[in-house]
Amino acid sequence: MALDRTQLGKRSRGKGASWERALANILKAIWPDAKRGIGQSRWGGEVPDVDGTPYWVEAKVGIQPNMRGAMRQAEEASDGRPCIAIVKDNSPNSKPADVWVVMRFDTFTQIVLAESSDLGGLDP
(Lines give C-alpha, C1' and ligand atoms only; values in the text may rest on other atoms or scores of the structure.)
Protein backbone atom coordinates (compact mmCIF):
# COMPACT_ATOMS: atom_id res chain seq x y z
CA MET A 1 0.00 0.00 0.00
CA ALA A 2 1.47 3.34 -1.08
CA LEU A 3 1.54 6.22 1.37
CA ASP A 4 0.04 9.54 0.37
CA ARG A 5 1.91 12.84 0.79
CA THR A 6 0.34 13.54 4.18
CA GLN A 7 1.45 10.18 5.53
CA LEU A 8 4.95 10.59 4.06
CA GLY A 9 5.28 14.05 5.60
CA LYS A 10 4.14 12.77 8.98
CA ARG A 11 6.63 9.88 8.80
CA SER A 12 9.45 12.27 7.83
CA ARG A 13 8.64 14.65 10.71
CA GLY A 14 8.56 11.68 13.08
CA LYS A 15 12.03 10.59 11.95
CA GLY A 16 13.29 14.13 12.39
CA ALA A 17 11.84 14.43 15.89
CA SER A 18 13.27 11.06 16.86
CA TRP A 19 16.76 12.10 15.64
CA GLU A 20 16.49 15.42 17.53
CA ARG A 21 15.65 13.56 20.76
CA ALA A 22 18.46 11.03 20.26
CA LEU A 23 20.95 13.78 19.43
CA ALA A 24 19.95 15.81 22.50
CA ASN A 25 20.55 12.74 24.66
CA ILE A 26 23.97 12.17 23.05
CA LEU A 27 24.98 15.81 23.55
CA LYS A 28 23.97 15.72 27.25
CA ALA A 29 27.30 13.98 27.88
CA ILE A 30 29.00 17.24 26.82
CA TRP A 31 26.34 19.81 27.75
CA PRO A 32 24.08 18.53 30.56
CA ASP A 33 21.38 21.09 29.69
CA ALA A 34 21.03 19.84 26.10
CA LYS A 35 17.41 19.15 25.16
CA ARG A 36 15.26 19.01 22.08
CA GLY A 37 14.14 22.48 21.08
CA ILE A 38 10.46 22.43 20.28
CA GLY A 39 9.27 24.60 17.37
CA GLN A 40 9.10 28.24 18.28
CA SER A 41 9.76 30.01 21.52
CA ARG A 42 7.11 31.93 23.43
CA TRP A 43 8.43 35.15 21.94
CA GLY A 44 7.70 33.98 18.40
CA GLY A 45 11.31 33.35 17.40
CA GLU A 46 12.80 30.09 16.30
CA VAL A 47 14.65 27.77 18.64
CA PRO A 48 17.38 25.35 17.58
CA ASP A 49 16.59 21.68 17.07
CA VAL A 50 18.80 20.95 20.08
CA ASP A 51 18.98 23.71 22.69
CA GLY A 52 21.04 24.05 25.86
CA THR A 53 24.40 24.16 24.03
CA PRO A 54 26.65 27.08 23.10
CA TYR A 55 25.75 26.44 19.44
CA TRP A 56 22.68 26.79 17.27
CA VAL A 57 22.23 23.10 16.43
CA GLU A 58 20.29 22.14 13.31
CA ALA A 59 19.59 18.39 13.12
CA LYS A 60 18.82 16.67 9.82
CA VAL A 61 18.21 13.03 8.98
CA GLY A 62 17.39 11.25 5.74
CA ILE A 63 18.86 9.76 2.62
CA GLN A 64 21.66 12.11 1.56
CA PRO A 65 20.29 15.14 3.45
CA ASN A 66 21.23 18.60 2.19
CA MET A 67 24.11 19.74 4.44
CA ARG A 68 24.37 23.23 2.95
CA GLY A 69 20.62 23.66 3.25
CA ALA A 70 20.80 22.63 6.91
CA MET A 71 23.52 25.23 7.56
CA ARG A 72 21.59 27.90 5.67
CA GLN A 73 18.50 27.13 7.76
CA ALA A 74 20.50 27.37 10.99
CA GLU A 75 22.16 30.65 10.00
CA GLU A 76 18.85 32.24 9.01
CA ALA A 77 17.26 31.32 12.35
CA SER A 78 20.21 31.71 14.73
CA ASP A 79 20.04 34.03 17.71
CA GLY A 80 23.72 34.87 17.24
CA ARG A 81 25.23 31.62 18.48
CA PRO A 82 27.68 29.88 16.14
CA CYS A 83 25.79 27.43 13.91
CA ILE A 84 26.43 23.75 13.43
CA ALA A 85 24.40 21.20 11.51
CA ILE A 86 24.50 17.59 12.68
CA VAL A 87 23.39 15.49 9.75
CA LYS A 88 22.60 11.77 9.79
CA ASP A 89 22.64 10.00 6.42
CA ASN A 90 20.30 7.01 6.42
CA SER A 91 21.28 5.84 2.92
CA PRO A 92 20.73 2.09 2.52
CA ASN A 93 24.44 1.50 1.75
CA SER A 94 25.50 3.41 4.88
CA LYS A 95 25.41 0.89 7.73
CA PRO A 96 25.70 2.15 10.39
CA ALA A 97 24.37 5.55 9.37
CA ASP A 98 26.97 8.24 8.73
CA VAL A 99 26.73 11.27 11.00
CA TRP A 100 28.40 14.51 9.93
CA VAL A 101 28.99 17.78 11.75
CA VAL A 102 28.93 20.76 9.39
CA MET A 103 30.14 24.22 10.37
CA ARG A 104 31.78 27.29 8.90
CA PHE A 105 35.57 27.26 8.90
CA ASP A 106 35.73 30.23 11.30
CA THR A 107 33.59 28.29 13.81
CA PHE A 108 35.97 25.34 13.47
CA THR A 109 39.05 27.51 14.05
CA GLN A 110 37.46 29.11 17.13
CA ILE A 111 36.81 25.66 18.60
CA VAL A 112 40.35 24.46 17.83
CA LEU A 113 41.96 27.60 19.24
CA ALA A 114 39.85 27.42 22.41
CA GLU A 115 40.73 23.75 22.85
CA SER A 116 44.43 24.34 22.19
CA SER A 117 44.60 27.16 24.74
CA ASP A 118 43.07 24.80 27.32
CA LEU A 119 45.80 22.27 26.50
CA GLY A 120 48.69 24.75 26.49
CA GLY A 121 48.92 25.52 22.78
CA LEU A 122 49.05 23.76 19.43
CA ASP A 123 51.86 21.40 18.51
CA PRO A 124 53.21 21.96 14.99
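Modeller: Rings of Phe, Tyr and Trp (its six-membered ring) pair if their centres lie within 6.5 Å, with planes under 30 degrees apart counted as stacked, over 60 as edge-to-face and the rest as tilted.

Colleague: How many aromatic pairs does a search of the whole structure find?

Modeller: The search finds two aromatic pairs. This is a predicted model, so local features need pLDDT of at least 70 and side-chain atom pairs count only at pLDDT 80 or more, while totals for chains, interfaces and linings use all residues. Residues are numbered from 1 along each chain as its sequence is written, and side-chain values use heavy atoms, with hydrogens and water left out.

Colleague: Why is the pair of W31 and Y55 edge-to-face?

Modeller: The ring centres of W31 and Y55 are 5.8 Å apart and their planes are at 65°, so the pair counts as edge-to-face. W31 lies in the loop between helix 1 and strand 1 (35-36) and Y55 in the loop between strand 2 (50-51) and strand 3, so the pair ties together parts that are 24 residues apart in sequence. Helices (H or I, at least four residues) and strands (E, at least two) are DSSP runs, numbered from the N terminus.

Colleague: Is Y55 buried or exposed?

Modeller: Y55 counts as buried, at 15% relative accessibility, and W31 counts as partly exposed, at 22%. Buried means under 20% relative accessible area, exposed over 50%, and partly exposed in between (1.4 Å probe, protein chains only).

Colleague: And what about F105 and F108?

Modeller: F105 and F108 form a tilted pair, 6.1 Å centre to centre with 35° between the planes. Both residues lie in helix 3, three residues apart, which is about one turn of the helix. F105 is exposed, with a relative accessible area of 63%, whereas F108 counts as partly exposed at 43%.

Colleague: Changing topic, which residues make up the largest nonpolar core?

Modeller: That core has eleven residues in all, namely W19, L23, A24, L27, A34, V50, Y55, V57, A59, I84 and I86. Helix 1 (5-27), strand 3 (56-62) and strand 4 (83-89) each give two or more residues to this core, and helix 1 gives the most, with four. A nonpolar core is a set of buried Ala, Val, Leu, Ile, Met, Phe, Trp, Tyr and Cys residues joined through side-chain atoms within 4.5 Å.

Colleague: How many residues of strand 4 are buried?

Modeller: Six of the seven residues in strand 4 are buried, which leaves the strand mostly covered.
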